[in-house]
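Take a look at the model below.

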There are 2 protein chains.
Amino acid sequence: MLSVDPVILGMIAMYPASGYDMKIELEKGGAGMFSALTFGSIYPRLSALENEGYIVSFAADNQGRRRMLHELTAKGWQALADWLTEPPAYPLPMRDELLLKLSFWYSGRGDDRATLIAHLERRRQQSRELLHYLEAWPKNGFSYISEYSMIALNYARTRLEAELRWIEETITQLEFPPKGPEQDPRGLAQRIRERRAAAYGVAGQPDPTAQRGDEHSTAVEPYRA
Amino acid sequence: MLSVDPVILGMIAMYPASGYDMKIELEKGGAGMFSALTFGSIYPRLSALENEGYIVSFAADNQGRRRMLHELTAKGWQALADWLTEPPAYPLPMRDELLLKLSFWYSGRGDDRATLIAHLERRRQQSRELLHYLEAWPKNGFSYISEYSMIALNYARTRLEAELRWIEETITQLEFPPKGPEQDPRGLAQRIRERRAAAYGVAGQPDPTAQRGDEHSTAVEPYRA
DNA sequence: AAAAACATGTAACTCGTTACATGATTTG
DNA sequence: CAAATCATGTAACGAGTTACATGTTTTT
């Protein structure tokens with residue numbers, strides 16, 4: 001039972017679907033906010049799930065074009081119900097390049113606030129678009145949306161709205177002058193600038209001697225809880 | 001340049017660190033909110049990054065215990081700065097089992113609201129703990145936290161607070177009776193119950209005949225935008 | 001004296017993605 | 001009639017995880 005399997009079973013549970021249907025549904029629909037599948041993982045799993053008795057597959061006529069539909073067996077319905085009953089794993093960490101870049105920003109770019117504002121404005125644009133798409137989806141007159149899907153949708157909406165507020169506040173803050181570190185008992189901010197300058201060399205050219213071991217004598221105690 | 005590489009370079013940029021340091025720092029520190037690394041990916045990449053000239057490694061005496069520290073070269077500092085300048089990829093989709101389960105909840109568990117409330121209460125507990133940990137971190141008197149790391153931390157805090165509010169609202173809603181689907185123009189809610197009943201069989205035992213292709217004649221039009 | 005934490009590293013494995021292959025039908 | 005879309009499938013690849021192997025030092 002791979003992690004994609006419950007998604008496949010869940011999609012089929014809504015209606016007997018083809019592999020292609022599932023891909024499209026996830027791209028355009030609600031569950032796609034929380035998972036994505038590629039054909040390369042869908043089709044092999046459909047075969048496996050059929051071999052293991054979770055689904056049955058049958059050809060459906062699609063005016064000449066071949067089309068394989070899949071339906072859950074009793075075992076498949078049971079597996080889905082069991083998976084839903086299992087306590088969901090806590091999503092950790094929140095993989096997000098923007099946040100990761102923020103964590104390392106000072107070390108790598110110092111007080112280059114302009115580039116960071118550009119990143120944030122791009123993100124604002126993307127999140128706004130996603131929010132609009134997501135608000136339109138339950139009103140498209142087509143998709144099946146249960147009370148529970150709507151709750152999931154509410155989560156995504158709430159999260160995006162909070163993100164947009166954070167972006168506004170952050171851009172405002174970045175338009176003011178830099179504030180200096182929030183906490184820096186070991187004076188790392190200063191040391192980072194010095195180490196970078198040493199690596200590049202005083203005249204701006206790379207300095208090969210700055211790469212020998214002995215120069216790194218300013219060892220920093222790592223954090224131990 | 002693998003996706004873990006900028007994280008390694010970013011950690012080293014803060015202070016010359018060992019592979020072990022990075023693992024611990026990510027587990028206990030701020031960047032760990034947004035990325036995790038295992039030894040199996042750290043050590044091989046440290047060798048590779050040294051071979052490619054991004055870092056230099058040197059033995060540091062750690063009272064008898066061996067310890068390899070790593071420092072950025074000019075090329076390494078430059079690679080980090082370049083990576084930070086690149087527009088960050090939009091994090092899509094938000095992989096979250098709880099949300100995925102909500103999407104499929106009705107199909108698999110019908111109106112079993114008790115189990116769902118249990119999931120939400122568990123999540124509330126975990127998110128509260130993370131929030132408390134995360135609020136304590138910038139006051140531990142040790143970690144280096146730049147203005148920008150603090151902004152990332154603010155994001156995580158904002159997001160968790162929004163999530164906790166959503167959990168409260170959702171639990172309250174789930175204590176009321178079920179509402180029925182938000183949007184269901186094809187009558188799928190009804191069909192799902194019928195299909196599940198057919199798969200299990202009327203008497204509760206699995207019905208093998210319900211698994212033949214012909215019975216699935218109630219084909220549902222897939223969504224096409 | 002044992003267990004936990006410190007510290008580095010390798011090899012096998014697993015899962016998912018990318019790229020490729022094929023072919024029918026609809027649309028411009 | 002060419003291009004886009006529909007539709008299914010396979011094979012190679014890649015990147016990260018898990019498990020294993022090894023040895024030291026500190027804590028209980």
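What follows walks from the DNA surface to the aromatic pairs and then to the charges over rings.

The model is predicted. Start at DNA strand C. It is surrounded by 22 residues. The closest are A:Ser3, B:Tyr20, B:Tyr43, B:Asn62 and B:Met68. Sort the surface near DNA strand C by class, and it has seven nonpolar, ten polar and five charged residues.

Now turn to individual contacts. In chain A, the side chain of A:Ser3 places an N or O atom 2.5 Å from a phosphate oxygen of DNA strand C. A:Thr38 also reaches a phosphate oxygen of DNA strand C, with a polar side-chain atom at 3.1 Å. A:Arg65 reaches a base instead: an N or O atom of its side chain is 3.3 Å from a base oxygen of DNA strand C.

Helices contribute too. The elements that give two or more residues to the surface near DNA strand C are α3 (39-51) of chain A, plus α2 (19-28) and α3 (39-51) of chain B. Of these, α3(B) gives the most, with four residues.

Next, the aromatic rings. There are six aromatic pairs over all chains. One of them joins A:Tyr155 and B:Trp166. Their geometry is edge-to-face, with 4.8 Å centre to centre and 70 degrees between the planes. This pair crosses between chains: A:Tyr155 sits in helix α7 (residues 147-174) of chain A, and B:Trp166 in helix α7 (residues 147-174) of chain B. Both A:Tyr155 and B:Trp166 are buried.

Another pair brings B:Phe39 and B:Tyr43 together. This one is stacked, at 5.7 Å centre to centre and 20 degrees between the planes. B:Phe39 is partly exposed, with a relative accessible area of 30%. B:Tyr43 is partly exposed as well, at 40%.

Chain A has a ring cluster. Ring pairs link A:Tyr20, A:Phe39 and A:Tyr43 there.

Finish with the lysines. A:Lys23 lies over the face of A:Phe39, at 4.6 Å from the ring centre. A:Lys101 lies over the face of B:Trp83, also at 4.6 Å from the ring centre.

Key
Residues numbered from 1 in each chain as written. Chains lettered and ligands numbered in written order. Predicted model: local features only at pLDDT ≥ 70, side-chain atom pairs only at ≥ 80, totals over all residues. Heavy atoms only, no water. Near = heavy atom within 4 Å. Polar contact = N/O pair within 3.5 Å; in protein donor to acceptor, adjacent residues only side chain to side chain. Nonpolar A, V, L, I, M, F, W, Y, C, P; charged D, E, K, R; others polar. Phe/Tyr/Trp six-rings, centres within 6.5 Å; stacked < 30°, edge-to-face > 60°. Buried < 20%, exposed > 50% of the residue type's maximum accessible area, 1.4 Å probe, protein only. Lys NZ or Arg CZ within 6 Å of the ring centre and 35° of its normal.
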